[in-house]
Structure formats: C-alpha cells, structure tokens
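Have a look at the structure first, and then read on.

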Amino acid sequence: MTVVRVALPVPLRKHFDYIISTELSPHVGCRVLVPFGNRKLVGIIWQIAPEDGFDETKLKTVIKLLDIDAALPPLLCQLLSFAADYYHHPLGEVLISALPALLREGRDLSDYQPKAYQLTRSGKQLDASALKRSVKQQALWQALQQHQLTESVVLQQHSRSTLKQLLDKQIAEEIIVPPIPFIAPLKAPSGLKLTAAQALAVTAVHQAYGRFERLLLEGVTGSGKTEVYLQCIASLLLKQQQVLVIVPEIGLTPQTLARFQARFDVPVLCWHSALTDSERLHCWLQAKTGAAAIIIGTRSALFLPFWQLGLIIIDEEHDQSLKQQDGFRYHARDLAIKRAALQHCPILLGTATPSLESLHNALSKRFIHLPLPDRAAGQALPKFELVDLKQQVLQFGLASQTLNQIKQQLNLGLQVMLFLNRRGFAPALSCQECGWLTECHRCSAFTTYHKQSRQLVCHHCGASKAIPRQCGGCGSTQLKPLGQGTEQLEENLQQLFPDTAITRLDRDSTRRKGALNQALEDIHQPGARLIVGTQMLAKGHHFPNVTLVVIVDVDGALYSSDFRAPEQLAQLLTQVAGRAGRGNTGGTVLLQTHYPEHALLQDIIQNGYASFARSALVEREQTRLPPFQHLALFSVEAHQADHCQQWLQQLAECAKQFPELQLLGPIPAPLERRAGKYRWQLQLYSAARGRMHLALDNLLSNLARWPLSRKVKWQLDVDPTDLT
C-alpha cells in the first residue's frame with residue numbers, strides 16, 4: 001500500500017491523504033473515487049508517497065482508481081497548479097473544472113472511446129447452420145467474417161439488439177480501437193492573396209514556430225485577420241501539429257468552424273457549452289489523442305489535453321467574455337499565454353481593438369506587434385457622423401437625419417444595422433400619474449418589459465413576473481413603457497418600413513436552437529434589410545451588404561463608475577462600426593447622442609481607436625491604474641448590508657499591515673443589491689505583483705477563522721475586468 005495525496009473539488013485550500021494498493025500503479029493526474037465524510041467524491045491524485053504524509057493506519061482507502069493513464073497530463077497539471085496559485089482558488093476545484101462533466105462524474109473513459117467488433121475464436125469456427133434460425137444474426141456474423149467492423153459501421157446495417165445477441169453468445173467480442181493522430185496534408189491549401197502587412201504577419205508567426213513567442217495582431221475591422229490565422233495554421237498542419245483557436249462567444253463558433261472546415265481537409269472540432277456532455281467528451285478525447293487537428297472553442301477549451309500543440313490563437317483578445325466572472329475567475333487570454341510558455345509554442349492575439357494591457361505589452365516590446373492598418377480588399381474605413389439629439393423631435397428614438405439616411409440605403413437595396421444594447425421591449429414600465437417604476441424586489445434595478453412574453457424580467461437575477469394591471473404606488477391603470485429596447489425598436493421599424501425585412505439579433509431572439517444560424521443566413525441574402533441587435537452584432541461578423549450602422553443610444557455608456565468603461569465603450573463603438581462598408585460600397589456610422597462634444601466620442605471619430613488607446617494608456621499611467629498597477633477585488637454579499645461592511649472593514653484593517661497595498665473601500669457595489677443580497681467590495685492595488693500575491697496568501701489564511709465569515713459570501717477576483 002502507498003499514500004496518495006488527492007485534490008478534491010471542495011472549497012478548502014488543502015489536500016487529503018488516502019492509501020491505495022501499489023499494484024494498481026497510480027499516477028499523478030489520475031482520477032480516483034474516494035470516501036469523504038458521508039459522500040463519495042471524484043478527486044485527482046496530486047502527489048504519491050508524500051514525505052509529510054499521515055500515518056497509513058489512520059487513513060481511508062481509495063475506493064477505485066478510475067484511470068490507467070493520467071486524465072490530466074503533467075503539462076496541464078502544471079498549468080492548473082499555476083492558475084490555482086495565481087487566482088487563489090482551491091486546487092481541487094480548479095483541477096476538476098478542467099475535465100469534461102462525464103469524467104467529473106467518475107465515468108469510465110473506455111466507455112466513450114471508439115469501439116470495434118470482431119469474431120471470437122469460437123465465432124470464427126462456428127458453422128453457418130448454427131445461426132440459421134436468426135437471419136439477422138447470421139448476416140452480422142457473415143459481415144464480421146471478412147474483418148473487424150467499427151461500431152458506427154455495424155449500427156448502419158444491423159440493430160444494436162442483434163449485436164448484443166452475438167456478444168452474449170460469445171460469438172463476437174468488443175475491442176477498443178486506439179485513436180490515431182490526424183494525417184498531415186501533403187500540401188497547404190491555396191488561400192487568398194495577402195496584402196503586404198498580412199504577409200509580414202504570417203512570416204512573423206512562421207518564424208516563431210517551435211518556441212514561445214507572444215504576437216499581437218492589431219488589424220482594423222475587415223483587415224483580414226482570419227486569413228492570417230488560416231495561412232499560419234496551414235504550414236503547421238503539414239508538420240502534423242495541432243492548433244487551438246479560442247473565440248469569445250458561442251455565436252461566433254459555427255461560422256468560424258464552417259470557414260476552417262472549408263479550407264482544411266483535416267478534422268476540425270468545436271468546443272463550447274452548448275454541446276452535450278458526450279460531444280464534449282468526444283472532443284476532449286480527439287484533442288488528447290491527436291485525432292483532431294484544429295479545435296475552435298470558447299475559453300474553457302484552454303484546458304483541453306493536446307497531443308502536440310503547435311499554435312494558440314486568441315481571436316478578439318480584448319473581449320470581456322474571455323474572463324470567467326464566477327467561481328474560478330480566470331482570464332483565458334492570460335492563462336493561454338502561460339500555456340504557450342509551457343508548450344514552447346507561439347500565441348497569436350488578434351483584434352481590431354486591443355485591450356490596454358495587451359497594447360501596453362506590445363509598446364513595451366514584450367509582445368511582437370503586427371499591425372494591419374488597412375482593409376484587405378482595399379475598402380475605406382467607415383466614416384463617422386455625430387447626430388446631435390438636443391432640441392430634435394424624435395420618431396421612435398430616431399432623428400430625422402437618421403431616418404433619411406436609412407431610407408436612402410434601403411431604396412438602394414442595401415442593408416442597415418441599428419445597434420441598441422438593451423434587449424426587451426422597454427427598460428421599465430412607468431405610471432403616467434405618479435411616476436412609479438417597476439422595480440425588481442430582489443435587486444437595486446428596474447425590471448425590463450418583454451412584450452412578446454408579457455413578462456417583467458430582471459436581467460440581473462432572472463426573476464420574472466406578470467405585467468401588473470395597476471400602479472404599485474397610486475393604483476392607477478395608466479402604465480406605459482419607459483425607454484426603448486430591441487424588441488420595441490423592431491416593432492417601430494416595422495411600422496416605418498412595412499415592406500422591408502427585419503432581422504433581430506439578441507439573446508431573446510436567438511434562444512431557440514438554430515435561430516442564430518437562420519438569422520445569419522437571412523442577413524447574407526441580397527436585398528434591402530434592417531438588422532436590429534445588441535452587442536452580439538459586434539462580435540466579428542462579416543455582413544458585406546451593410547453600408548449604414550446606426551448606434552441608437554451612445555449616451556447610456558458614456559458615464560460609469562468603472563475606470564474601464566471608456567475603454568470598453570471605445571472598443572464596442574469601433575467593433576460595431578466595423579460591420580459597415582465591408583463590401584463594395586462605402587460605409588457610414590451614425591452616432592446618436594445628446595453630448596456630441598464628449599471627449600471620448602470626438603477622439604474616436606477624429607483619430608480612431610488606436611489613437612484613443614494610446615492616450616488612454618497615458619491617463620492610466622498618470623492615475624496609477626492597471627496595467628501600471630495590479631488590482632485584486634474582494635466582493636462580499638449578505639442579507640444584511642452591515643455584515644458586508646463589517647467583514648470588509650476587518651479585511652481592510654488586516655491589509656494595512658502590508659504597506660505595498662493601496663486600498664479603495666469598503667464601498668457598496670454599483671449594483672448594491674442583487675438576488676436579495678447586499679453587495680460590497682474592497683479594491684486592492686499594488687505596483688509589485690509578487691508582493692500583492694504574498695499579501696493575498698496571508699489574508700486568505702485568516703479569513704476562515706473570522707466568525708463573521710459564516711454570515712457572508714465572499715469572492716476574490718485577481719485582475720478583474722468588471723467592477724460593477
């Protein structure tokens with residue numbers, strides 16, 4: 001017997017020792033089923049025969065060793081250990097989160113590996129007359145006489161019950177087919193002709209193959225970043241190396257997948273949360289064995305075990321979706337850079353609007369900077385026009401200047417996109433007599449009116465209720481929608497342009513399976529069309545027929561308590577504007593605002609995102625904000641606001657012993673109450689990353705002993721991207 005140290009998926013920052021038979025040959029990274037209190041948990045072997053292990057006679061025994069080979073290979077264990085330390089999250093939860101759901105449940109991996117069937121020795125010697133009473137069994141037996149058949153081939157022509165009967169009679173037997181790596185293509189497929197800037201970018205990536213290098217591809221919208229990705233990948237496939245492409249949204253995955261599959265004659269798989277558990281496990285196995293050449297996935301694809309990973313690509317590296325916002329709060333971009341370092345392979349970060357962190361690294365020469373300043377097909381970038389809403393009569397939230405330009409484009413048979421980052425029909429219902437507004441009883445927020453479902457929905461906690469018939473303040477029945485959402489904008493546009501097709505793209509309209517793909521197909525049809533949507537429209541879509549983009553309400557995002565808000569707004573405006581003029585006709589972007597003189601709007605319009613980002617970096621340096629200082633955020637929630645404040649005050653007092661830390665708080669969160677709980681936060685800043693992490697380790701070691709910790713729920717977010 002030997003002692004194994006096991007990491008378990010429990011919120012405790014410690015490991016647990018068990019004993020296991022040495023004959024089972026346990027390895028670090030293997031899954032085990034162990035007793036834990038009155039439960040049985042699946043854990044990961046983290047250490048074998050630790051020097052500081054407990055007395056074997058006092059330890060419980062491992063119930064079952066679930067893997068022959070490590071489910072988490074050494075390199076992945078190294079990455080996950082680093083992630084647990086950096087983000088100060090319990091290692092057991094980090095390790096288990098990197099596995100597909102079926103493996104977390106303790107399923108036998110062999111049950112999901114490719115299977116084939118062949119005749120047993122007795123089956124080969126069997127006389128055909130022995131099966132004359134069963135024509136179906138005889139047919140399958142004769143098929144297996146030729147050679148072994150894979151499960152999929154068997155089930156194409158024979159029923160599973162017939163197969164089971166041969167197995168039960170020991171005429172046939174099941175064997176596991178060892179997966180083989182994908183076959184490298186003989187030559188690279190021909191791609192599009194590259195511009196000079198694209199060619200330089202591809203050459204820079206080629207030169208980085210086989211070693212760790214960080215490259216930032218900063219290309220304006222429509223500059224052909226995807227073509228750069230494709231041509232970088234082509235030469236790697238010739239060397240039989242795998243590629244990981246991380247995209248920020250599930251919605252982008254199908255169209256990206258289709259383009260990659262059309263270019264390469266190798267297995268291209270996708271990975272995202274909309275897949276079934278079996279589909280995710282299949283993808284996991286294909287990546288591990290090398291059967292998959294290219295994996296395109298969302299942030300958790302970062303933790304797939306690759307056979308021979310040669311390149312990591314992060315598309316839209318600035319996108320907030322790459323940051324996990326609950327539980328294990330990691331940033332996929334930052335951990336992908338660490339993985340590339342461990343794999344000794346290059347990582348390519350692509351975007352039209354680089355995050356200030358990545359831009360700072362590029363300007364500091366830590367990243368290789370690859371600019372694509374022009375559109376690939378030579379089209380001009382869209383021109384911006386500000387529409388001053390002051391003292392104007394609006395029709396359904398649209399100025400007359402805006403409506404005139406929309407009509408012009410539609411009369412030419414072109415498409416117009418209207419961006420409004422508020423889904424639903426209206427942000428609230430309002431009483432026309434006393435001004436009462438529909439509020440969520442669990443959050444410090446208003447409930448959104450959804451006309452189609454006739455519901456008031458809180459977009460923060462998800463609570464919903466029926467439309468009230470009377471005002472909750474004065475009892476009046478005069479309740480009217482206040483403000484406008486995408487649902488209302490679609491309805492109003494239908495009145496203004498009854499003969500024009502309208503497509504709405506938001507979370508509500510694309511909830512049904514297949515709805516997003518259908519909407520994208522509709523948009524790519526020629527002819528006049530109005531496209532209405534939220535920030536889903538800004539995620540890298542190529543709409544060649546869109547010539548006019550209208551940003552209906554810029555003002556809602558101009559003022560925020562989050563220091564990242566200007567950066568995020570500038571990115572959003574630039575990305576949305578980039579959907580215009582990607583075809584043969586030039587593009588125009590209309591920004592409706594009451595504050596046309598606002599410095600941020602003027603900078604974006606006059607100078608573009610690149611200029612804004614560099615001036616924003618100067619401001620960040622002057623104010624000592626990230627990336628010039630490092631930030632950690634403690635957030636806490638409880639049923640009583642006093643408990644939140646007291647707990648964070650105690651934390652702040654402890655943090656004062658570390659002079660390298662600067663504290664902001666305790667302060668209420670911008671959304672002070674959500675889902676019935678009050679929320680407060682404490683921000684910690686430090687110029688020295690290492691010292692901050694030492695201080696966090698010290699603080700975390702004390703928290704569990706505080707009596708007040710039993711009354712609150714707290715979370716630590718290292719390098720937070722959202723302070724709201």
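Tyr117 has Leu149, in strand 7, as its bridge partner. Keep in mind as you explore that this model is predicted. Strand 6 covers residues 115-119, and its antiparallel pairing with strand 7 runs over 2 bridges.

Zooming out, these strands belong to an open sheet of 3 strands with the order 7-6-8 and antiparallel pairing. Strand 7 (149-150) and strand 8 (172-176) are the edge strands, each pairing on one side only.

Now for the helices. Helix 5 (residues 135-146) lies across strand 6, strand 7 and strand 8, and its direction is at about 95° to strand 6. Helix 7 (residues 160-168) also packs on the sheet, where it touches strand 6 and strand 8, and it makes about 100° with the direction of strand 8.

A disulfide is a covalent bond between the sulfur atoms of two cysteines. How many disulfides does a search of the whole structure find? The search finds 0.

| Cysteine | Nearest cysteine sulfur | Distance |
|---|---|---|
| Cys443 | Cys461 | 3.6 Å |
| Cys474 | Cys431 | 3.7 Å |

Is Cys443 buried or exposed? Cys443 counts as buried because its relative accessibility is 5%, under the 20% cut-off. Cys474 is partly exposed, with a relative accessible area of 42%.

Notes:
Residues are numbered from 1 along each chain as its sequence is written. This is a predicted model: local features need pLDDT of at least 70, side-chain atom pairs count only at pLDDT 80 or more; totals for chains, interfaces and linings use all residues. Side-chain values use heavy atoms; hydrogens and water are left out. A disulfide is a pair of cysteine sulfur atoms within 2.5 Å. Buried means under 20% relative accessible area, exposed over 50%, partly exposed in between (1.4 Å probe, protein chains only). Two strands pair if DSSP finds at least two bridges between them. Helices (H or I, at least four residues) and strands (E, at least two) are DSSP runs, numbered from the N terminus. Contact means heavy atoms within 4.5 Å. Axes are lines fitted to C-alpha atoms, for helices over the stretch in contact, and angles run from 0 to 180 degrees between N-to-C directions.
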